[in-house]
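Let's take a friendly walk through this structure, beginning with the ligand site and moving on to a sheet and its helices.

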Amino acid sequence: MKVRVGIIGATGYTAYEAIRLLLRHPHAEVTAVTSRQDEGLSIAAVHPQLTSRLDLPLQPLDIDSFAQQCDVAFCCLPHGASAETVKQLRQANCKVIDFSADFRLTSVAEYETWYGVKHPWPEQVGQVAYGLPELFADQIKDADLIANPGCYPTSAIMPLAPLIQAGAIHCEDIIVDSKSGVSGAGRSPKLGTLYCETNESIAPYAIGAHRHQPEMNDIIGRFSGSKTNILFTPHLTPMDRGILSTIYVRPQAADAKRVREIWRQTYRDSPFVRVVDHIPGTKHVAGTNFVDLAVKEAGDRLVLVAAIDNLIKGASGAAVQNLNCIFGWDQTLGLL
Ligand SMILES: NC(=O)C1=CN([C@@H]2O[C@H](COP(=O)(O)OP(=O)(O)OC[C@H]3O[C@@H](n4cnc5c(N)ncnc54)[C@H](OP(=O)(O)O)[C@@H]3O)[C@@H](O)[C@H]2O)C=CC1
Ligand SMILES: CC(=O)N[C@@H](CCC(=O)OP(=O)(O)O)C(=O)O
């Protein structure tokens, strides 16, 4: 029998990508899809790509009925809205992969400062597996609740954590400069993501003040003896999808060759990490769960480059990879 997966917030972008991946998964099937605003419509009415591929009606979220239809919930709600739903799903004994940021940080105070809301389930904060199987597989395999990482943090943590752990770079001087496609902002219309605002333009936002900065420091800090100090600046770029992070670090007795060795050693059993000799671009990973990593020497700095697809490795692909880990399946099922 297949594992039954329900998608909450099924009208959004990450939900569509998750459904697309699960449709080709040999051991999982999508059995429920929820929406507040499009109740009663077919899922294919809001995601026409699913026409004749998935025929399910969008239903309002009723936790008891949802938990009877599903073994696992992919909770694709915005942060703030997600935590209460996740709590109820866990109380109904449903396993949950939470796409939002509500359980990623380890400190309630830090969450409430950066997200500006009271956490509805503070006892759980700091107890949740962080869903990067390449680094936290041991925690994920026994977890009933997984915090899927943020898209920008995935692109920063994967290159940085092994180097910090090996003592190859200084912790206190790291600059993460990232570019994201517009789908990173979700499907709901907002002024800043309209075509006329974003087309033929690129601009930074939330300079040094983005909520993914504490997530990067929190997670990478687990690999370091001392606190990391990352300065993170995201940019919105006129592309549909993809994240490219250019990361400036100061080496500590390490050169580019050593960095590649550390990455290759750390990720030797990680099928989605590619340490490449060319400069990665978002097109090289578009639609895939790959993370492409490269390094170049530049003066007294090393420049690291990471490319991911924000909707796949940055969200829905990571969720499917986590699902595979929970059930002890090959990590690549549904993803290659
Ligand atoms: N887009 C990306 O690249 C990434 C997104 N994420 C995270 O994944 C989650 C989903 O993102 P994404 O799919 O892009 O977002 P979307 O805005 O595309 O979709 C979110 C869905 O959640 C539902 N929703 C919106 N607001 C509320 C609310 N207040 N209460 C209940 N339901 C609500 C909506 O469905 P309806 O109105 O039909 O109920 C909506 O379709 C978010 O937490 C996001 O931060 C993480 C990594 C990357
Ligand atoms: C381009 C763009 O707007 N990107 C989003 C990040 C998406 C994401 O991963 O956000 P969560 O941490 O909430 O899951 C942003 O900067 O808010």
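## Around the ligand

In this predicted model, domain 1 (3–127) and domain 2 (152–309) each provide at least three residues of the shell around ligand 1. That shell is made up of 28 residues, and the closest are G9, G12, S35, G186 and R187.

What is the make-up of the shell around ligand 1 in nonpolar, polar and charged residues? There are 15 polar residues, 10 nonpolar ones and three charged ones. Two helices, α1 (13–22) and α11 (312–326), each supply at least two residues of this shell. The helix that gives the most is α1, with three residues.

## A sheet of seven strands

Now to the sheet. Its seven strands run in the order β9-β10-β8-β11-β14-β13-β12; the sheet is open and the pairing is mixed. Because β9 (203–204) and β12 (273–275) are at the edges and have a single partner strand each, one side of each lacks a neighbour in the sheet.

As a reminder, strands of a sheet pair through backbone hydrogen bonds, in either a parallel or an antiparallel way.

## Helices across the sheet

Helix α7 (residues 151–165) lies across β8 (169–180), β10, β11 (243–251), β12, β13 (291–298) and β14 (301–308). Relative to β11, α7 runs at about 30 degrees.

Helix α9 (residues 212–221) lies across β8 and β10, and its angle to β10 is about 140 degrees.

Key:
Residues numbered from 1 in each chain as written. Chains lettered and ligands numbered in written order. Predicted model: local features only at pLDDT ≥ 70, side-chain atom pairs only at ≥ 80, totals over all residues. Near = placed C-beta within 6 Å. Helix = DSSP H or I, 4+ residues; strand = E, 2+ residues; numbered from the N terminus. Nonpolar A, V, L, I, M, F, W, Y, C, P; charged D, E, K, R; others polar. Domains from an automatic or database assignment. Pairing = 2+ DSSP bridges. Contact = placed C-beta atoms within 7 Å. Axes fitted to C-alpha atoms, helices over the stretch in contact; angles between N-to-C directions.
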